[in-house]
Amino acid sequence: MKRPSMYQAHEDSLKKFTDKFNGCRDGLPLVMQIYQTENFRDDGVIVNTKTGKRVAFDWEIRDKYFSKGKFAFRELRQFERKIKKEEIGLSLQCDREETAVLVAWHEDWRQSKPIPVKLATDYKWSEKNLVRSTTKFKIYSYDQMDAFRAMIFRALDKGQFNHQAFSENAEN
């Protein structure tokens with residue numbers, strides 16, 4: 001972890017979000033499971049309990065540039081090292097206040113070329129690493145959990161793990 005100072009906030013925010021996701025009474029057969037053992041790959045999985053279809057996700061709490069449901073940039077960047085992890089299909093990033101989640105599909109990031117950038121860490125030095133960018137992301141407030149869950153259900157149902165799942169009219 002490049003920012004160990006964020007580890008407990010990461011774990012706490014993920015637990016709260018998972019409880020909210022699993023507590024939704026929309027009738028969809030979805031469950032979010034957090035991995036209890038750190039695997040340095042992904043943070044958990046969302047499963048359709050009727051079909052067994054699933055998508056692994058990476059979770060992050062953003063303490064910069066995403067506050068009160070507003071993201072400061074038009075494009076979202078992700079580390080190439082995370083994009084390389086083929087098992088991860090989805091990135092979930094909550095805002096500082098834990099009121100909204102920024103959602104992006106790894107398939108959409110794979111459409112861009114990696115570029116080198118300097119990134120902040122908890123240490124005295126910056127990290128130079130590759131990132132990819134996408135403008136194809138969506139923000140859901142925690143009050144829109146039913147819409148977020150419906151999007152996940154569509155993605156799993158249609159095997160459509162990209163921005164097209166955001167649309168209620170998504171097609172195969």
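Modeller: Lys 15 is partly exposed, with 45% relative accessible area, where buried means under 20%, exposed over 50%, and partly exposed in between (1.4 Å probe, protein chains only). This is a predicted model, in which local features need pLDDT of at least 70 and side-chain atom pairs count only at pLDDT 80 or more, while totals for chains, interfaces and linings use all residues. Residues are numbered from 1 along each chain as its sequence is written, and side-chain values use heavy atoms, with hydrogens and water left out.

The side chain of Lys 15 meets that of Asp 19 in a salt bridge, at 2.9 Å from N to O. A salt bridge is a side-chain nitrogen of Lys or Arg within 4 Å of a carboxyl oxygen of Asp or Glu. Side chains of opposite charge can pair when their charged atoms come close. Lys 15 and Asp 19 are separated by about one helical turn because they stand 4 residues apart in helix α1 (residues 7–23); helices (H or I, at least four residues) and strands (E, at least two) are DSSP runs, numbered from the N terminus. Asp 19 is also partly exposed, at 44% relative accessibility.

The structure holds 6 salt bridges, and one of them pairs Arg 77 with Glu 75, the closest N and O atoms being 3.7 Å apart. Here Arg 77 is partly exposed at 41% relative accessible area, and Glu 75 is partly exposed at 34%.

A further salt bridge joins Asp 58 and Lys 82, with 3.0 Å between the closest N and O atoms. This pair links distant parts of the chain, 24 residues apart: Asp 58 lies in strand β3 (residues 54–61) and Lys 82 in helix α2 (residues 80–83). Asp 58 is buried, at 6% relative accessibility, and Lys 82 is buried at 16%. The side chains of Lys 82 and Asp 58 are also joined by a polar contact of 3.0 Å, that is, a pair of N or O atoms within 3.5 Å; within protein, one must be able to donate a hydrogen and the other to accept it, and residues adjacent in sequence count only if both atoms are side-chain atoms. Residues up to four places away in sequence aside, Lys 82 touches Asp 58, Glu 60, Ile 88 and His 106, contact meaning heavy atoms within 4.5 Å.

Strand β3 also holds Ile 61, which is buried at 11% relative accessible area. Ile 61 and Glu 98 are 37 residues apart along the chain, with 7.9 Å between their C-alpha atoms. Not counting residues up to four places away in sequence, Ile 61 touches several residues, including Ala 9, His 10, Ser 13 and Glu 98.

His 10 and Ser 13 lead back to helix α1, whose buried residues are His 10, Ser 13, Leu 14, Phe 17, Thr 18 and Phe 21. Seen down the axis of α1, these buried residues fall within an arc of 135 degrees, so they line one face of the helix; the arc is that of the directions from the helix axis to the C-beta atoms. They pack against β1 (30–34), β2 (44–48), β3, β7 (88–94), β8 (100–105) and α4 (145–158). Helix α1 has 17 residues and reaches 24 Å from its first C-alpha to its last, close to the expected 24 Å, where the expected span is 1.5 Å times one less than the number of residues.

The largest nonpolar core has 29 residues, and those with the most contacts inside it are Leu 92 and Phe 148. Each of α1, β1, β3, β7, β8 and α4 supplies at least two residues of this core, and the largest share, 6 residues, comes from α4. A nonpolar core is a set of buried Ala, Val, Leu, Ile, Met, Phe, Trp, Tyr and Cys residues joined through side-chain atoms within 4.5 Å. Beyond its neighbours within four places in sequence, Phe 148 is in contact with Phe 17, Phe 21, Leu 92, Val 103 and Tyr 140.

Helix α4 has 14 residues and reaches 20 Å from its first C-alpha to its last, close to the 20 Å expected. Gly 159 follows α4 and has a positive phi, near 65 degrees.
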